[in-house]
Amino acid sequence: MRFTLLLALLALATACRVAPLRPRPMEPVEPPPAPKVGDEIVVCGERVSIGAPVVLWTQFPGYDSYQLVPDPAAKKDLQPGEAPPMVLAYEPGRSRKLGDGMAEVLVAPASRDRASLAAVVDQFVLHYDVCGVSRTCHKVLRERGLSVHFMLDVDGTIYQTMDLADTAWHATKSNPRSIGIEIANMGAYPSKAAPVFAEWYARDDAGTYLRLPERLRGGGVRTEGFVGRPARQELVSGTIQKTVYHQYDFTPEQYASLAKLSAALCRALPRIQPDAPRDAQGKVTNAVLSDAEWERFRGILGHYHVQLNKQDPGPAFDWEFFLRLVREELRPPAP
Ligand SMILES: [Zn+2]
């Protein structure tokens, strides 16, 4: 028995010694794994199904607002070779500033209390990212020490970067009471000839399509081979904050996912009404709200409704079409 074992070991050792060191055949470089995709967002640690593709911060490619960032404010004071201090780019829980540096805690960090979150959050703020794709948007937010709960890419994939229980830094005074989303789009400009339009959009037989610049190498868009097309072919012109801007529309995939997400938020946090700020004639307003109007408003609004210095989501965002989709999602199924 022992002898057999010895022989076997000897054979193994010999085999090891004489095994030719053949060069390994060239293996094709594996592309990175496609992000896992589900259809659930996270609200106070609980999963909520929304019926649109969702990639969470815990999943590849890891768009995670909980990771510390180099303090953007410290940059100018650094000595050569000195590392900046690492800081948070969001606020744990929800609280309201009272002045004198005091704050009233509305949702305690890590309490994960959905009832208290639903009592506090009553606005869903829509942004365009001026980055064109969510991968770049995440990078830019990190560099600036900012955060947002969701990013919506051109193919309709939603990336959730943090739990809704925590405060994202995306819309100044609305932060404590809001959820934020950055929708991938290159933004709105006063000139129809803005160079960004020629760089990002082209025409083929089927019409206008989104041509991601070569340097982005696919831009991290999850859907392989995806060709995005604006919901309307031509540049859309419209007035925001009393200035005329031009912009290409969002993709149908973005509208569809945004409507499903918005309906889910209205259900999960019912103080968010499925409507936008309207004027006396019932039209969605195209300028910043007064302090009193902003205080009163509960629902879905643009960043430009919160701040005078913002235009997003821009004149191409089709509010009525979008809100109709949200209301359809919210309609109970026929018995
Ligand atoms: Zn914005």
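Reader: Two strands pair if DSSP finds at least two bridges between them. With that settled, how many bridges do β8 and β17 share?

Author: Strand β8 (residues 123-128) pairs with β17 over four bridges, in the parallel sense. Leucine 126 stands opposite glycine 302 of β17 there. Strands (E, at least two residues) and helices (H or I, at least four) are DSSP runs, numbered from the N terminus.

Reader: Before I go on, what sort of model is this, and how are residues numbered?

Author: This is a predicted model, where local features need pLDDT of at least 70, side-chain atom pairs count only at pLDDT 80 or more, and totals for chains, interfaces and linings use all residues. Residues are numbered from 1 along each chain as its sequence is written.

Reader: Thanks! What is the mean pLDDT of the chain?

Author: The mean is 92, and 90% of the residues reach 70 or more; pLDDT is the predictor's confidence in each residue, from 0 to 100. A contact here puts two C-beta atoms, placed from the backbone, within 7 Å. Where pLDDT is low, the predicted coordinates should not be read in detail.

Reader: Good to know. Back to the strands: what is the order in the open sheet?

Author: The seven strands run β1-β2-β10-β9-β12-β8-β17, with mixed pairing. β1 and β17 (299-302) are the edge strands, each pairing on one side only.

Reader: And which way do β1 and β2 run?

Author: β1 (residues 38-43) and β2 (residues 46-56) are antiparallel, joined by five bridges. Glutamate 40 stands opposite serine 49 in β2. Two residues lie between the strands in this hairpin, where cysteine 44 takes a positive phi near 50 degrees.

Reader: What about β2 and β10, parallel or antiparallel?

Author: Parallel, over three bridges, with β10 covering residues 158-160. Leucine 56 stands opposite glutamine 160 in β10.

Reader: New topic: at what angle do α5 and α8 pack?

Author: About 50 degrees, with the axes of α5 (residues 252-268) and α8 (residues 319-330) 8 Å apart. That makes α5 oblique to α8; angles under 35 degrees count as roughly parallel, over 145 as roughly antiparallel, 65 to 115 as roughly perpendicular, and the rest as oblique. Axes are lines fitted to C-alpha atoms, for helices over the stretch in contact, and angles run from 0 to 180 degrees between N-to-C directions.

Reader: Which residues make that contact?

Author: Among them are Tyr255, Leu258 and Cys266 of α5, and Phe321, Phe322 and Leu325 of α8.
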